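Please keep the structure open while reading.

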Amino acid sequence: MSIQVFGLPVSRGIAIGRAVLVASSRVDVAHYFVEPDRAADEVTRLRQARDVVALELETLKRDLPGDAPPELAALLDVHLMLLHDETLAEATKHWIVERHYNAEWAVSAQTEVLARQFDEMEDEYLRERKADIEQVAERLLGVLAKAKPRLPLSGGGARDFAGEDPLVLVANDIAPADMLQFKGSVFTGFVTDVGGRTSHTAIVARSMDIPAVVGAREASRLVRQDDWLIIDGDAGVVVVNPSPIVLEEYRFRQRQSELERARLDRLRHMPSVTLDGQSVELLANIELPGDAPAALEAGAVGVGLFRSEFLFMNRNGELPDEDEQFEAYRSAVQAMNGLPVTIRTVDIGADKPLDRLTVHELRHEHALNPALGLRAIRWSLSEPAMFRQQLRAIMRASAYGKVRLLIPMVAHRSEILAAIDAVARAKQQLRESGQPFNDVELGAMIEIPAAAMTMPMLLRYFDFVSIGTNDLIQYTLAIDRADEAVAHLYDPWHPAVLRLMAGVISAANTAGKHVSVCGEMAGDTAFTEVLLAMGLRCYSMHPAQISSVKQRILRADTARLAAGLGALLASDDPVNEWQTLTGRRPAGEPTLIN
Ligand code: PEP
Ligand code: MG
């Protein structure tokens, strides 16, 4: 039966494919396809892993101390029985042979199927056996992780043989660092139960430019392994097992949206200038140095935000040292061929923990309110040696191109002074050790209302500012950006948000300092003209969004837009006010947009 699940649209387009359900705890399991003629080898790898686990369990049982409770031996027997049971052993083989999954993926897919069956059992004793299945699967995955295949994989996990259905990933929650590993993966769409539109998991999904819906609450419970899904990333709808008519309709829309993208692609290398001759810089947001070529390809004239924290995540506590960071920054700088690269110092904390915790785990097992806790510059200043190491690495990369240094979440004068002091010390250390570096402009992210309201002070200390609207909205409206329960109140059109942003842009322009927006608002075409009206001339966004924003800029007249700014900022209902002014709603008055 076909059902629809509603969530939040986070990444545009339509994906149609079979569901791959992944438990949050197993998102880091390797997912790739094996060539059909290597399926037998993969089945052998699985069988060998099973033999190793069987031996482990038998040894454990044999070595149980004499006074061990008898339940322990019984439990090990249950695990041995499950290991050899048809429903795990044979069915796992099926995923390898029929669907070409690698052994780890096959084990986790079949474990997910069985876990659901156990969840639905009436009998409490049987329901509890789910934990046993999961423990056996953990052991198998542990052994498989150590016994990697001997032959190299084809195409980084991409499928290079024809005739298979596309796949979409469904999970309760995915940590941002885990999402990152799906870049260039086999999945053509994503759905998660939790998350807000500007949660970092959503941001990474958007940077991959494939359709995604988050905050779909029940999705991972309602969807079954292998169900057909339509993910409508524009409307935030997931259709489970669609009827042939619905499927046809969406396939048609999918083709239309591909045509539209191809049309937009032609704007890639056109200069971005408004009708009245105002040049607008369009920069790219990147997570890893490997994203830089895509930024250039999309026509970005620099990197406006390199979220350096992604280099720090998912490393089991072992942080990248100065040289490793330097190599990463240098490679991004060199890839951009002399265009500016804005490297933000590490913004760890809130929904970006160092380890693989999801937002749900963070909220329930850790700080009460991680978004208000030790994150970004607060964390960096609490780890001075680490901070100076990062500053030195960034500064060293400046010898290879144009680097700007951006500090996240500043609000207090004491933090500004401490950050400036750390930069001065890092430079001094480089001079003493004879390491070359160039001038690096120092910028502040405006993400906290307190910073937006004290612009004269910030502009005295910083060379440029960049507005992080994702956090500015979160902190202005007291809405956790990662919480789907309050997502309807996360409103970029709120008068307070617009007034703060207009104030920041105007203060920077008046002081002659460079200002950009690097939050998600910059890549959302609903705001392109609003930001132009405020006087913004530099936007930083996911590379895939650049062409559509440029299209809006090419059609805009900044003088006419600016004439409507007063009315917009004075309005209690800015979204309607703006729609009337720009002619997207009938009002009988002249409009601002040609
Ligand atoms: C922002 O807050 O708008 C921003 C760009 O930073 P991040 O999304 O990484 O918090
Ligand atoms: Mg931020």
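Axes are lines fitted to C-alpha atoms, for helices over the stretch in contact, and angles run from 0 to 180 degrees between N-to-C directions. The model is predicted.

**Helix pairs**

Two packed helices are described by the angle between their axes and the distance between the axes. Here are two such pairs.

| Pair | Angle | Axis distance |
|---|---|---|
| Helix 14 (residues 384-397) and helix 15 (residues 413-432) | about 60° | 9 Å |
| Helix 9 (residues 244-265) and helix 21 (residues 546-554) | about 65° | 9 Å |

Take helix 14 and helix 15. Angles of 65 to 115 degrees count as roughly perpendicular. Helix 14 and helix 15 pack at about 60°, and they are therefore oblique to each other. Their crossing is right-handed. Helix 14 brings Phe-387, Arg-388, Leu-391, Arg-392, Met-395 and Arg-396 to the contact. From helix 15, the contact residues include Ala-419, Ala-422, Val-423, Ala-426 and Leu-430. By class, this contact of helix 14 with helix 15 holds eight nonpolar, one polar and five charged residues.

Now helix 9 and helix 21. Their angle of about 65° makes them roughly perpendicular to each other. The crossing is left-handed. Arg-263, Leu-264 and Asp-265 of helix 9 meet Ser-547, Ser-548 and Gln-551 of helix 21. The contact of helix 9 with helix 21 has one nonpolar, three polar and two charged residues.

**The largest pocket**

Rolling a probe the size of a water molecule over the atoms shows where empty space is left. The largest pocket has a volume of about 900 Å³. It is lined by 38 residues, and the closest to its centre are Arg-197, Gly-523, Asp-524, Thr-525 and Gln-545. Which elements each supply at least two residues of this lining? They are strand 2 (8-11), helix 9, helix 18 (469-477) and helix 21. The lining of the largest pocket divides into twelve nonpolar, 14 polar and twelve charged residues.

**Cavities**

The count comes to five cavities of 30 Å³ or more. The second largest cavity has a volume of about 70 Å³. Its lining has 15 residues, and Arg-307, Arg-344, Met-445, Glu-447 and Asn-470 are the closest to its centre. Strand 10 (303-307) and helix 18 give two or more residues each to this lining. By class, the lining of the second largest cavity has three nonpolar, four polar and eight charged residues.

Key. Residues numbered from 1 in each chain as written. Chains lettered and ligands numbered in written order. Predicted model: local features only at pLDDT ≥ 70, side-chain atom pairs only at ≥ 80, totals over all residues. Heavy atoms only, no water. Helix = DSSP H or I, 4+ residues; strand = E, 2+ residues; numbered from the N terminus. Parallel < 35°, antiparallel > 145°, perpendicular 65-115°, else oblique. Left-handed = near helix turned anticlockwise from the far one by under 90°. Contact = heavy atoms within 4.5 Å. Nonpolar A, V, L, I, M, F, W, Y, C, P; charged D, E, K, R; others polar. 1 Å grid on protein atoms, 1.4 Å probe; cavity = no way out; pocket = protein on both sides within 12 Å on 5 of 7 lines; lining within 4 Å. Points joined across faces, edges and corners; volume = space filled by probe spheres on them.
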